[in-house]
Structures are given as structure tokens and as C-alpha cells.
Amino acid sequence: MMAVRYHSYGGSDVLVYEEADRPVPGVGQVVVQVAGTSYNDADSGLRAGLRQDMLPLAFPHIPGLDLAGVITAVGEGVSDWSVGNAVVALLPADAPGAAAEYVAASAEVLATAPRTVELADAAALPLVGLTAWQALFEHADLKSGQSILINGAGSAVGGYAVQLAAQAGAIVTATAGARSRDRVRSYGADRIVDYAVTPVVQALAGQHFDVVLQLAPAGPEENAQLVDLVADGGAFVSVTTPGPEDAGRGVRTVHVFGRSDATQLANLVARVDAGELAIEVAQRLPLADLATVHARAAGRFARIAELAAQVEGGDLAERLRADPAAVRAPAAVGELAGKTVLAP
Ligand SMILES: NC(=O)c1ccc[n+]([C@@H]2O[C@H](COP(=O)([O-])OP(=O)(O)OC[C@H]3O[C@@H](n4cnc5c(N)ncnc54)[C@H](OP(=O)(O)O)[C@@H]3O)[C@@H](O)[C@H]2O)c1
């Protein structure tokens, strides 16, 4: 089969589109013919080796955390799934990923794919959809009638977060630029702040929200300013850099890492099929273009990595110093925004 792989950690140029062995299902696994995968910044972090202490990869490694496809083989011990089932999943980061024609996946991470969207497009749901769900309902404990500021609502995580928060009965203030403003409003945001016109902390100075959800890359100072917008006893929940450990005023600060949860993913799929949750795809490309997508994401990923290193220091800062080329953006490749789906 054809797959995108890398044989060592490094910059986007380590990604090669090449022949690889077609997987066979192990015990508890199925093999899925991939209809689509998608790009996430976590793919860049793994490729650059920034998390190799926690998540060491076996080389050659096939990236791609998000999967949408059709089951072609079922391994021993799998009773809930059959050949021909269309599925979606968030795959484990240290196992072979979905940037290939076929992938072996544990049956435990699978959910039935939505019926109402193109199967490849469903790859735009798992990681960012689960991250939005878990941030809102596991970590922020968002309830009907509460106010929430979603900073970075124009992002893929933000699109799901706005829809889910509005449907939960929250009063949603969202930051979005010209590219995303109308879409974010159509998702149910009550108020939009164009962060490119007025910085969010300036536009909302003196106001307070039960929850501030941080989806935009930010350094410690900007996070501290956003924490000031949280009401006493509220929550600052970040999927990017963490907020201060002790925020005072009874404000909880939480740093979220989206994790696989097949039940939650099935719930998100049900909402998609009920017409309640829109899947937004910014662009669709052939899988062979994955290296170009990583290159286009490199500018913003370098910023995310630099900010994370500022906050975390330690191993991460050391790795960035040791191998800056792993996160450097090649010249003249343009920028990436929104969800990119890639199909073999
Ligand atoms: N912790 C986790 O588990 C996890 C999981 C997934 C993603 N993430 C992180 O979450 C963030 C969003 O990811 P994504 O894949 O959803 O990204 P994405 O769709 O590519 O989002 C990019 C968009 O974010 C908005 N944005 C960027 N900087 C902003 C700022 N300073 N203020 C307000 N909005 C800003 C822009 O929206 P406009 O179009 O409105 O300008 C931009 O188009 C990334 O930092 C990513 O690394 C974390």
C-alpha cells in the first residue's frame, strides 16, 4: 500500500510518500481502508520529536491521528464490528496512523461514522471534536445559563466548542477574525469579538465569564490577562499553553489534552447525523500532499512550540534548542488555517 512515513524525527521534509506493508489485524483490532485523515498540530509535535520522552515512536512511523474509513478485516476477539462498517476514530499517537491506504486500529477506539457527510470529511471530527467536548463538559463543567468566552473560536476546535456550548444553553462570546466570523455566528455565538481589530482583553475589559476557553496560542502574560476575565470561582480551560497554577479568587485553571473516547465520539457523530453539529472542512487534498500541509503549518506550529517551551521549560525547551530545524517553516509555503482533510 502507499503511506506517508518518516524514518527519523525532524522538519516537514522527513515525510515521504512511499510503499509500506499493508497491515493485518492483531487480536482486538480491525483493519480499516482509509477514506480520510486530517492534519493536527499534534502531528507536527510528534514528527519534530518534541514529545519523544512521553511518546517515543517506532520508525518508520506513519502519522495521522484522525481516521475515517471502512473496515476490511476483523481480528480475533472483535465481535462488535464487521467488514464493511464505516467508522471514525482518534488513534493512539504512538501507533501507526491513518496517513496510509490501510491502518490497523483497536476496536475499542471506533465509533460508527456519520451517515450524513462524506466519509473522508468525517476525519475532521475525532481529535478536535473530542477536545472541544472534554474541555467544555469534563473540565469546565459548563452548564446551561453560564457565560463562556471562547478565544480562538475560528479554529476547528472552536467551531465544535461554539456549537456544543450554545446547544448546552450557555451564553457564548467568541473571538473570530474575518475568515470565520459569519460561520462562528451561525454556530450560535451570541457575541463576536474580532480579535484582529481589537485585542480580546481590551474589547472585554472589566467583563467576567463563568468559563474562559483558550484555543489560541498564547504566552503566560496573555493567559494571565484572560484569567482576569474569569468570574470568581470560574474556570480557565486551555487546550494550548496552560494558565497559571494558582490563579486566586477560586478560579480553576485546567490544561486539556484531547483523548480517545469511543462513547463520546459516538455522541458527537449522533449530533452530526441529527443536523446539530456541522463539520467544517477548510480544504481537501490528496494524501501525497501531507508534507506540504505540515510545511504550511510550520509557521504557526513553531509559535505554539516556542510558547509551550516558555511555559514548560525543561525537556521541551532543550529539544527546541537542540534541533530548531524540526519546527522551522520552509520559505514561501503559505499559512494553514482550519481543518485539512487528506484522502489516499
Ligand atoms: N490540547 C489538545 O488536545 C489539542 C487538540 C487539538 C488542537 N489543539 C490546539 O488547539 C488550537 C486550535 O487547533 P485547530 O486544529 O482547531 O486549529 P485551526 O483550525 O487551524 O485554527 C486556526 C484558527 O485559530 C484562530 N486563531 C489563531 N490565533 C488566534 C488568536 N490569537 N486569537 C483568536 N483566534 C486565533 C484563527 O481563526 P480566524 O479564522 O477567526 O482568524 C485561525 O484561523 C491549536 O493551538 C492546536 O494546537 C490542542
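Reader: Where is Arg249 found?
Author: Arg249 sits in the loop between strand E12 (230-238) and strand E13 (252-255). Keep in mind that this is a predicted model.

Reader: Is Arg249 buried or exposed?
Author: Exposed. Arg249 has 11 other C-beta atoms within 10 Å, and a residue counts as exposed with 12 or fewer.

Reader: What about the phi of Arg249?
Author: Phi of Arg249 is near 55°, which is positive, and Arg249 is not a glycine. Most residues other than glycine have a negative phi.

Reader: Which residues does the cis peptide bond join?
Author: Phe59 and Pro60. Omega there is about -5°. Pro60 is in the loop between helix H1 (41-47) and E4.

Reader: OK, zoom out. How many helices and strands are there?
Author: The protein chain has 9 helices and 15 strands.

Reader: What radius of gyration does the chain have, and what would a compact globule have?
Author: The chain has 20 Å. A compact globule of 344 residues would have a value near 20 Å, so the two agree. Along its principal axes, the C-alpha trace spans about 60 × 50 × 35 Å.

Reader: How much of the chain is buried?
Author: 50% of the 344 residues count as buried.

Reader: Which domains is the chain divided into?
Author: Domain 1 (2-125 + 279-343) and domain 2 (127-255). Their C-alpha centres lie 26 Å apart. The contact takes 16 residues from domain 1 and 14 residues from domain 2.

Reader: What gives the largest share on the domain 1 side?
Author: H8, with 6 residues. By class, that side of domain 1 has 9 nonpolar, 3 polar and 4 charged residues.

Reader: Now the largest nonpolar core. Which of its residues touch the most other members?
Author: Leu67, Val88, Ile150, Ala161 and Leu213, out of 114 residues in that core. Helix H8 (residues 290-312) gives the most to this core, with 10 residues. Domain 1 and domain 2 both give residues to the core, so it lies between them.

Reader: What is Val88 in contact with?
Author: Leaving aside neighbours within four places in sequence, the contacts of Val88 include Leu67, Ala68, Ala111 and Leu265.

Reader: How far apart are Val70 and Val88?
Author: They are 18 residues apart in sequence and 8.8 Å apart in space, C-alpha to C-alpha. Val70 lies in strand E4 (residues 66-74). With 15 C-beta neighbours inside 10 Å, Val70 counts as partly exposed.

Reader: And what does Val70 touch?
Author: Not counting residues up to four places away in sequence, Val70 touches Val32, Gln33, Ala35, Gly84 and Ala86.

Reader: Last topic, the ligand. How many residues surround it, and which are the closest?
Author: 29 residues surround the ligand, and the closest are Asp41, Gly154, Ser155, Ala156 and Gly177. Helix H2 (126-139) and helix H3 (156-167) are the elements that give two or more residues to the shell. H2 gives the most, with 3 residues.

Reader: What classes are in the shell?
Author: 14 nonpolar, 12 polar and 3 charged residues.

Reader: Why does the ligand lie between the domains?
Author: Because domain 1 and domain 2 both give residues to the shell around the ligand.

Terms used
Residues numbered from 1 in each chain as written. Predicted model: local features only at pLDDT ≥ 70, side-chain atom pairs only at ≥ 80, totals over all residues. Helix = DSSP H or I, 4+ residues; strand = E, 2+ residues; numbered from the N terminus. Rg over C-alpha atoms; globule rule 2.2 N^0.38 Å. Buried ≥ 20, exposed ≤ 12 C-beta atoms within 10 Å, placed from the backbone. Core = buried A, V, L, I, M, F, W, Y, C linked by C-beta atoms within 7 Å. Domains from an automatic or database assignment. Contact = placed C-beta atoms within 7 Å. Nonpolar A, V, L, I, M, F, W, Y, C, P; charged D, E, K, R; others polar. Near = placed C-beta within 6 Å.
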